[in-house]
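Here are some questions on how labels follow from cut-offs. Each answer sets a value against its definition.

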Amino acid sequence: MRHKHIPALTPRAKELRRDMTPEERRLWYCFLRNYPVRFLRQKIIDGYIVDFYCAAAKLAVELDGSQHHSQDGLEYDSVRDRLLQSWGIETIRYPNHKIREDFEEACAEIAQLVKSRINSRDVNH
């Protein structure tokens with residue numbers, strides 16, 4: 001089953017790709033861009049745009065700025081994460097300061113999660 005792509009969101013996704021935050025830029029150019037398993041930036045999934053998405057692992061990686069810590073932001077993220085989960089997509093979230101201060105640890109966690117999710121999908125299929 002494929003999730004819906006919403007063409008009306010394409011201009012916004014392109015804008016987000018062009019105007020990445022410093023933390024998104026670092027994670028993309030220093031790790032995910034050349035990662036052996038393909039990641040996409042600003043992927044549209046069912047009316048939402050996820051920061052980074054790995055289809056092979058069904059993994060969304062989100063970098064959270066301060067707007068995500070407000071009550072509205074937390075509720076929005078919760079609804080979005082449940083929808084992604086209904087597609088079998090796991091969301092891993094990092095506050096921006098984690099990318100600035102513990103970059104290598106965040107990268108190692110992402111790599112481990114990709115590996116374990118791909119291995120578990122291989123076993124189950």
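Q: Where does glutamate 62 lie?
A: Glutamate 62 lies in strand 3. Helices (H or I, at least four residues) and strands (E, at least two) are DSSP runs, numbered from the N terminus. This is a predicted model: local features need pLDDT of at least 70, side-chain atom pairs count only at pLDDT 80 or more, and totals for chains, interfaces and linings use all residues. Residues are numbered from 1 along each chain as its sequence is written, and side-chain values use heavy atoms, with hydrogens and water left out.

Q: Why is glutamate 62 called buried?
A: Buried means under 20% relative accessible area, exposed over 50%, partly exposed in between (1.4 Å probe, protein chains only). Glutamate 62 has 2% relative accessibility, so it counts as buried.

Q: What does the side chain of glutamate 62 reach?
A: It reaches the backbone nitrogen of aspartate 51 at 2.6 Å. A polar contact is a pair of N or O atoms within 3.5 Å; within protein, one must be able to donate a hydrogen and the other to accept it, and residues adjacent in sequence count only if both atoms are side-chain atoms.

Q: Which residues does glutamate 62 touch, not counting those up to four places away in sequence?
A: Contact means heavy atoms within 4.5 Å. Glutamate 62 touches Ile49, Val50, Asp51, Arg80, Thr91, Ile92, Arg93 and Tyr94 on that count.

Q: What is the nearest side chain of opposite charge to glutamate 24?
A: It is arginine 25, 7.5 Å away. A salt bridge is a side-chain nitrogen of Lys or Arg within 4 Å of a carboxyl oxygen of Asp or Glu. Lys and Arg count as positive and Asp and Glu as negative; His and the chain ends are not counted. Glutamate 24 is buried yet has no salt bridge.

Q: Where is glutamate 24, and what does its side chain reach?
A: Glutamate 24 sits in helix 2 (residues 22-32). Its side chain reaches the backbone nitrogen of threonine 21 at 3.0 Å.

Q: What makes strand 1 and strand 2 a pair?
A: Two strands pair if DSSP finds at least two bridges between them. Five bridges join strand 1 to strand 2, and the two run antiparallel. Within this pairing, isoleucine 44 has isoleucine 49 in strand 2 as its bridge partner. The two strands form a hairpin with two residues between them.

Q: Is aspartate 46 buried or exposed?
A: Aspartate 46 counts as buried, because its relative accessibility is 13%.

Q: Why is lysine 58 called partly exposed?
A: Its relative accessible area is 24%, so lysine 58 is partly exposed. Lysine 58 lies in the loop between strand 2 and strand 3 (59-64). Phi of lysine 58 is also positive, near 50 degrees.

Q: How many disulfides are there?
A: A disulfide is a pair of cysteine sulfur atoms within 2.5 Å. By this rule the count is zero. Cysteine 30 is in no disulfide. The sulfur of cysteine 107 is 8.1 Å from the closest cysteine sulfur, in cysteine 30, so it is too far for a bond.

Q: Which label does cysteine 30 get, buried or exposed?
A: Cysteine 30 counts as exposed, because its relative accessibility is 53%. Cysteine 107, at 7%, counts as buried.
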